[in-house]
Amino acid sequence: MPQTIPDGTMSLILLGVSYSIIIPLLLFIIFKKRFRAHVKPFFLGLLTYGAFSFCLVNIVNGLLLMFVDPTNFSTPLIFIYSLFTQIISVLIGQAGKYYSLRILKNDANPNKYAMRGDALVFGAGFGGLEMVLTVGMTMASYFSYATIMVNGQAESFMENLSGADLESVQNIFNLLATTTSSEYISLLLQGLAMFLFQLGSTLLVFRAVFGSGVNEKVYLRLAIIFHIIMIVPGCFVSSGIISSPWFQTVLMLVFSVAVLVYGYDKIKEYEKQHVADMVNAAKGKKTIHFK
């Protein structure tokens, strides 16, 4: 078993742990100050991801594994199974956003959480917890095992292990010894891409909830469609059809930025109309939407 890890691995692992926490908190502070956003949507976003995209999704996947054994699947079937389970996760996650944002809309003051700042901090909470649990926790686990390897304690650590536990630890040590810095960078960028995507898709779901036009619900459907597109490259990689992680990373980054730009443009369009509606309401004018 390899006893060393590539140069720079420890630094990249620590970077993964720190940036998964710092980026969401930093953006929360920026959004709160820049747009005078409230704190409640941020914590509601955290709770929504934890309840829907983490707990509920894991329960559903666990139930699926009771009836399906993907270990003996062929590569095409692995791709189909991966895509199927990911689509379930998408539907649960975006539905969770929709119903959580309705809680904000149903506040006693209907305009309290109706501006773009609250949409952004909700997205920062939702996407931030996802990044912490998928990137931060993974990297923290890697760091603990990498420390054992660096200190030359790998062999003694495995002496008291056996069976599946021993095999699992050996696989982690081998992974740390063979994973290149480029692959770690790819993983970190994938986490960032998904965070940016969650910001953009949250803006679309926010408009679907708070928008007053007759066609506003289309933005929820767009968020779901965009999310499904976002996960397809990962299904190709996880099934082994494509081996390079950079295929997934580049596509995720480009698409996430495009969704964020599109979502931000749509939330500005909504906010402009919403402010106009409030002004007209204050003047006693009747507002008619033709969209």
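Q: What should I know about the numbering and the model before I start?
A: Residues are numbered from 1 along each chain as its sequence is written. The model is predicted, so local features need pLDDT of at least 70 and side-chain atom pairs count only at pLDDT 80 or more, while totals for chains, interfaces and linings use all residues, and side-chain values use heavy atoms, with hydrogens and water left out.

Q: Where is the kink in α8?
A: A kink of about 25° lies at V232, shortly before the proline P233, the bend being the angle between axes fitted to the seven residues ending there and the seven starting there.

Q: And which residues of α8 are buried?
A: Among them are Y219, L220, F226 and P233, where buried means under 20% relative accessible area with a 1.4 Å probe, protein chains only.

Q: Switching topic, how many aromatic pairs are there?
A: A search of the whole structure finds 16, with rings of Phe, Tyr and Trp (its six-membered ring) pairing if their centres lie within 6.5 Å, and planes under 30 degrees apart counting as stacked, over 60 as edge-to-face and the rest as tilted. The rings of F206 and Y270 have centres 6.0 Å apart and planes at 80°, so that pair is edge-to-face.

Q: Which helices hold F206 and Y270?
A: F206 is in helix α7 and Y270 in helix α9, 64 residues apart, and both are buried.

How values were computed. Helix = DSSP H or I, 4+ residues; strand = E, 2+ residues; numbered from the N terminus. Buried < 20%, exposed > 50% of the residue type's maximum accessible area, 1.4 Å probe, protein only.
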